[in-house]
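Thanks for asking me to look this over with you. Have the sequence and the 3D view open side by side as you read.

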Amino acid sequence: MPPNSVKAALEIFPNAIIDTPQSSVSEEEEEKSWCTSLFLKCKKTKKLFMVTVPPNSGKPDIKKLAALLGSKEVRLADDKSRLCLNLSSSEAEKGCLTAMSVVGDTTNSVTSVLDEKMLSPDLNCRMCSGCRDFKNHAQHRIAELSSGDLTKFLEDCNHPPLILNIPRRAEEEKKSSPPPPPQNDNNSNNNDDQKENDGRSNNSSNNNSNNPPPSSSPSPSSSSNSNSNSSSSSSNSKKGGFGGCNILSNGPQTQTQTPTPPSLSKEKKVTSAVDDFLASYCLTPFSKQMALQWMQKLAEDNEGKLDRVKAWVMRKVNKINSRPEGMSEFQKMCPDLVPKLKSQPFWDPSSFESVKLVEANFDVIKQELMEIRANNGQGFQPYRAPSWAERGNQAKDGVGSQSTDTGNWNVFYLNLHNMTFEENIERAPKTSALINSLKDQYHHTFFSALSPKSHITQHCGPTNKKLRVHLPLVVSGNGARMRVGDETVVLEEGKCIVFDDSYNHEAWNDDDKSRIVLIFDLWHPDITLQERKFLSFLTNAQLRVQKKICEQEGDEDNFFSIIDRAGTIVNPNLPQELWA
């Protein structure tokens with residue numbers, strides 16, 4: 001959605017009231033009822049955060065906020081930041097929250113952060129439509145928003161908000177003030193702090209060791225004392241739906257020497273299992289907090305919008321590795337199957353709008369391929385995988401393993417495994433832009449070339465949450481075919497095939513000329529938009545960490561390093577293999 005469509009963006013609010021402020025209301029009075037919006041930039045990673053806090057909440061403590069965001073150092077984003085359309089570094093806290101600020105983020109480089117007080121049902125905030133002048137809001141149109149409207153807006157803009165308890169400087173000063181004098185037992189019931197200590201051991205030497213140390217991150221399972229007025233309505237205080245336990249608890253909020261109640265013991269087990277599941281994705285502390293928020297959504301979903309991911313998480317948490325019900329025998333080797341998804345080897349291409357759009361642009365895509373051909377196929381490289389992926393078929397040049405037992409397989413990557421191949425995108429800009437415009441695209445795109453008399457051995461993809469599409473661009477006869485499960489099809493130039501590559505499959509080119517197809521992936525149509533967001537978040541977080549580990553430790557046998565190394569292989573026979 002382009003920045004000039006802010007009014008259209010505001011229309012997604014079902015309860016929004018677009019209104020023009022009365023001239024009798026001063027700008028200063030209007031600002032008092034607006035949410036405070038800050039744009040922060042991590043000095044090290046350059047990542048941008050859109051932070052929104054309720055009206056009259058005091059100035060946020062940026063240092064404390066940085067700790068909550070998992071960043072050592074954040075600064076107010078300056079007016080040169082591409083998201084900072086209405087704020088300057090000196091006046092940022094006076095700026096209003098604008099729809100344009102988020103809609104303008106076409107690269108998904110911003111993380112939206114809301115204070116947990118924003119979840120209060122009686123709290124309304126205002127959004128300015130198209131504001132570029134933070135000093136003169138009265139000339140703009142204002143949308144009255146509930147906290148639910150604001151959350152929905154951020155989610156629909158592909159920015160699921162992270163809910164944090166954002167401390168204020170005033171609150172910090174209050175916390176640092178001298179504690180009140182001790183009260184006698186008769187008045188202890190009037191003291192909130194004393195209430196929290198009820199039931200603890202009377203051994204004072206154990207109290208210090210039992211009290212949990214202060215944490216820079218709030219417990220996602222409960223609200224802070226500073227937010228006691230809104231904790232009853234906060235989503236963080238709701239009990240989850242995984243066995244009736246609050247799956248987001250970081251442990252008991254008070255320590256006791258009495259026997260652990262059975263329910264708390266069960267909660268500990270569930271929490272431990274969830275922690276193990278999240279640890280498998282190598283999440284940073286900040287990413288883990290976001291994942292826990294998503295887990296809370298899974299537990300509270302009563303509308304069935306997250307049923308497939310909820311079932312998937314339950315299997316992961318309980319370490320169930322058997323094939324889910326309804327899955328084919330041909331999928332048994334796939335390592336990551338999401339339950340409750342329709343399972344079939346081939347799908348009808350005409351049922352996908354994205355596929356029909358790509359087919360309609362066949363001539364454009366093939367023209368770019370011919371231009372790459374005119375440049376001797378620059379950008380194509382041998383397909384290689386880590387050595388453990390094809391243990392019996394190691395490449396002779398020592399770079400990983402190969403997937404062909406006859407002939408040669410070369411690829412031209414555009415997007416794969418959270419990697420973007422900028423030089424190749426410049427060589428095929430229209431193809432790249434077309435695939436990126438698809439609402440259900442999975443961010444895997446590449447050209448695939450099989451030389452004559454080639455065979456890609458049987459294998460299966462990593463997951464069933466996506467479907468694979470082949471658009472044949474160069475096919476000379478009837479020898480280009482593919483088997484998926486127990487069905488085989490012959491490729492025809494210009495006609496897409498859609499298949500589930502979690503099935504065991506293989507491909508042949510028995511013709512005397514090369515076979516070249518465009519390959520791209522789409523989300524499985526049974527997976528909802530909300531589920532896509534959660535699954536994408538986990539996968540991308542894992543890939544980022546794995547790539548960083550690869551760079552730091554110099555691992556030469558993982559997907560990232562193998563793809564990079566394969567790109568440096570000089571193949572004098574490449575033009576002949578591609579265009580035979």
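Here are my notes, point by point.

1. Some ground rules come before the details. This is a predicted model, where local features need pLDDT of at least 70 and side-chain atom pairs count only at pLDDT 80 or more, while totals for chains, interfaces and linings use all residues. Residues are numbered from 1 along each chain as its sequence is written, and side-chain values use heavy atoms, leaving out hydrogens and water.

2. Let's begin with the overall make-up. The protein chain has 18 helices and 21 strands; helices (H or I, at least four residues) and strands (E, at least two) are DSSP runs, numbered from the N terminus. Of its 580 residues, 50% are buried, where buried means under 20% relative accessible area, exposed over 50%, and partly exposed in between (1.4 Å probe, protein chains only). Take the contacts (heavy atoms within 4.5 Å) between residues at least 6 apart in sequence: 75% of them join residues at least 24 apart.

3. Now find the open sheet, in which five strands follow the order 4-2-3-5-8 with mixed pairing. Two strands pair if DSSP finds at least two bridges between them. Strand 4 (74-76) and strand 8 (162-164) are at the edges with a single partner strand each, so one side of each has no neighbour in the sheet.

4. Zoom in on strand 3 (residues 48-53) and strand 5 (residues 110-115), which run parallel and are joined by five bridges. Phe 49 stands opposite Thr 111 in strand 5. Helix 5 (residues 147-156) packs on the sheet, touching strand 3 and strand 5.

5. How do helix 13 and helix 15 pack? Helix 13 (residues 362-374) and helix 15 (residues 429-436) make an angle of about 140°, and their axes are 8 Å apart. Axes are lines fitted to C-alpha atoms, for helices over the stretch in contact, and angles run from 0 to 180 degrees between N-to-C directions. The two helices are therefore oblique to each other (under 35 degrees is roughly parallel, over 145 roughly antiparallel, 65 to 115 roughly perpendicular, and the rest oblique). Val 364, Ile 365 and Glu 368 of helix 13 meet Pro 429, Lys 430, Thr 431 and Leu 434 of helix 15.

6. Last, the cysteines. A search of the whole structure finds zero disulfides, a disulfide being a pair of cysteine sulfur atoms within 2.5 Å. For Cys 334, the nearest cysteine sulfur is that of Cys 460, 5.4 Å away. Cys 334 is buried at 7% relative accessibility, whereas Cys 282 is partly exposed at 31%.
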